[in-house]
Amino acid sequence: MRSLRLKMVLVMILMVACLMLVMVTFLTSRVVSFYMTEFYEQMEQSFTTGFLQQLQSIAAQSMDETAGAEQLKELVMAQSDMGIDISDRNVYILAQDGRVLAGSNSETMLHTTPNLLTAMSGFVGQQSAMMDRYMDLAVPITGGEYSYIVYVLDNRNTVNELTGEIVQIILSALGLGLAFCIALSVILSQIIIAPIERLTHGTQRVASGDFSEKIEVSSRDEIGTLTQSFNHMAQVLQDTLAEVENERGKLETLFLHMTDGVVAFDTNGQLIHSNPAAVTMLRTSQREMYYDRLFGEISPLKDLLKLQRPQFVEGSMQVGDLELELSLAPFSTEAAGGVIAVIHDVTEQRRAEQTRKEFVANVSHELRTPLTNIKSYAETIVQTGDELPPELHQSFMGVILGETDRMTRIVQDLLTLSRFDSGRMEMNFTRFDFRQSVQSVCKAEELDAQHHDHTLTLHDGPTATIHGDRNRIEQVIMNILSNAIKYTPDGGKIDVYTGIKGHMVWIRVKDTGIGIPEKDLPRLFERFYRVDKARSRESGGTGLGLSIAQEILRLHNGDIRIESVYGAGTTVTVLLPIAQEDLP
Ligand code: ADP
């Protein structure tokens, strides 16, 4: 009973059968009732008052019961209106007690019908039921010595034959109807069921995620409209799915490449998703990511799940050398809920803050020292007045001037750096020969080197033209050379080499000085960083020279490398790109 086709066939068969049944019942009952009406009309027409009187007079004159009965029979049979045909309709003359005295056939035993009983009790019996197998009329005839009953009995053969014929016809019609039903079901299946089946296959295809084909709309009826609506729905669904997929793709890419870590847990604290940044920051594998293990101390999961949007919990944690800040918030969908953690790596930020604080402290400190010196020397001069010997006065004034120069240098270097930081540094780019710059710096520093009994040697190598700010480049070379002079005990050896490597020209300053401990090497370019503060200050250093040199080289796409053996000497190499036109 699952197939619609079978149901339709059954319904049609039932309909045809019901129709036939109604027709059979209706037609047979109409035929029976017609014949009955006709029978009793015929009887009424025959048994007129005159005819009854005739019958009564025969009965009254009758001397012998049987002879009288025979006479009565003859008279009745002569009445052609009654349609007595001996085979189907017969007439009997009965005695009052029901004995058959005479009859149109040889029947001697008659069934005692209600009409016969009525006549026996002296009345005319003229009623038949539809369901009876006969029609009869019993008329009592009285008036003489013998009383008779004229009894007309129709065995309904004609009626039965006719109704049988009707039933036969209708049964054949039923057979035809059934054949018609089957034929109709084939047509119906073409018209209704085939499109429904197509629609069913279409929905199954769409349900399995295949949107490639549309269902063919083959009619304009309700099924056609349904198919159209379904096609539209499938299209909308496909568009929506594509949109969702697109959004998912965007989110996935975002999660994949975002610098913040994102981790999602379900309500049991099990990992749902985590992006690569989170794995890197938390320094753990995805298999070991449980809420309680990672963030349980910041906020218990059950407390977090009770929060309402847009509430969230903030926290921080330390993983190795990383400082992480996190926001934890619950999320819920209709299907499930959980917690999302967004992790932000603030290590660099904190370091930058620290550097800034240190820088401000350094600046204050660097400026305060010369200021204190200036103040104390100036105060001494003021307090002692003329009592101060002229040589001391002169020396104090020298210190004050020296400290003022130092402050000016610091302020100037800071200004230079701040210009580099803000990108406002004006550079005057020209083309010039690198060797010439090296030579002029070496010349300028020669006196200072001699002053410290250093042997300064320039080993001229190949040279090239560079495109840059000559003064700034010379400032860099000068800084490196003066560092070599400063940080080499008197009587040292300083060698300057130049050369070309690939598309770069280089200068290398090698000294036999105090060297730099390995741990300090990475920090040399930090502002105010000095290995030996006292020595640097003594020799007029600000701790900003290498920072400025690095900034200048950055703007020239150059590079600076420092190698050193503590206690043995330092080698500083500066590389600069050769001007385009000068490239080999
Ligand atoms: P400063 O003004 O103190 O020389 P720099 O930025 O030029 O500042 O140098 C930073 C620090 O690096 C110096 O204080 C010194 O400790 C170290 N340094 C630089 N060059 C040399 C060198 N040739 N030999 C030893 N130490 C050096």
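**Close-up 1. Alanine 138 and tyrosine 151 are bridge partners in a predicted model.** Tyrosine 151 belongs to strand 4, and alanine 138 is its partner across the bridge. Strand 3 and strand 4 run antiparallel, joined by seven bridges. The two strands form a hairpin. Six residues lie between them. Glycine 143 sits in the turn, with a positive phi of about 135 degrees. Strand 4 is mostly covered, with six of its seven residues buried.

**Close-up 2. Strand 1 pairs with strand 4 and with strand 2.** Seven bridges link strand 1 to strand 4, and these strands run antiparallel. Arginine 89 stands opposite aspartate 154 of strand 4. Strand 1 covers residues 89–95 and also pairs with strand 2 in the antiparallel sense, over three bridges. There, isoleucine 93 has alanine 102 of strand 2 as its bridge partner.

**Close-up 3. Four strands make an open sheet in the order 2-1-4-3.** The pairing in this sheet is antiparallel. Strand 2 (100–103) and strand 3 each have a single partner strand, so one side of each is left without a neighbour in the sheet. From one strand to the next, the twist averages 20 degrees.

**Close-up 4. Threonine 113 is a buried loop residue.** The loop that holds threonine 113 runs between strand 2 and helix 4 (114–120). Is threonine 113 buried or exposed? Its relative accessibility is 2%, so threonine 113 counts as buried. Leaving out residues up to four places away in sequence, threonine 113 touches Tyr134, Asp136 and Tyr151. Tyr151 is also the bridge partner of alanine 138.

**Close-up 5. Helix 2 has a buried face.** Helix 2 spans residues 49–61 and has 13 residues. From its first C-alpha to its last, helix 2 reaches 18 Å, close to the 18 Å expected at 1.5 Å a residue. Which residues of helix 2 are buried? They are Phe51, Leu55, Ile58 and Ala59.

**Close-up 6. Five strands make an open sheet in the order 6-5-9-8-7.** The pairing here is antiparallel. Strand 6 (271–274) and strand 7 (313–319) are the edge strands, and each pairs on one side only. The twist averages 25 degrees from one strand to the next.

**Close-up 7. Strand 5 pairs with strand 9, and helix 10 packs on the sheet.** Strand 5 (residues 261–266) and strand 9 (residues 337–345) pair in the antiparallel sense over six bridges. Aspartate 266 stands opposite glycine 338 of strand 9. Helix 10 (residues 347–384) packs on the sheet. It touches strand 8 (322–332) and strand 9. The direction of helix 10 makes about 135 degrees with that of strand 8.

**Close-up 8. Cysteine 181 is buried and has no sulfur within bonding reach.** How many disulfides does the structure hold? The count is zero. A disulfide would need the two sulfur atoms within 2.5 Å. Cysteine 181 has a relative accessibility of 1%, so it counts as buried. Cysteine 442 is buried too, with a relative accessible area of 8%.

**Close-up 9. Asparagine 479 is buried in helix 13.** Helix 13 covers residues 470–486. The relative accessible area of asparagine 479 is 17%. Buried means under 20%, so asparagine 479 counts as buried. Which residues does asparagine 479 touch, not counting residues up to four places away in sequence? They are Gly545 and Leu546. Isoleucine 548 lies 69 residues apart from asparagine 479 along the chain, yet their C-alpha atoms are separated by 9.4 Å.

Note on methods: Residues numbered from 1 in each chain as written. Predicted model: local features only at pLDDT ≥ 70, side-chain atom pairs only at ≥ 80, totals over all residues. Heavy atoms only, no water. Pairing = 2+ DSSP bridges. Axes fitted to C-alpha atoms, helices over the stretch in contact; angles between N-to-C directions. Contact = heavy atoms within 4.5 Å. Expected span 1.5 Å × (residues − 1). Buried < 20%, exposed > 50% of the residue type's maximum accessible area, 1.4 Å probe, protein only. Arc of directions from axis to C-beta.
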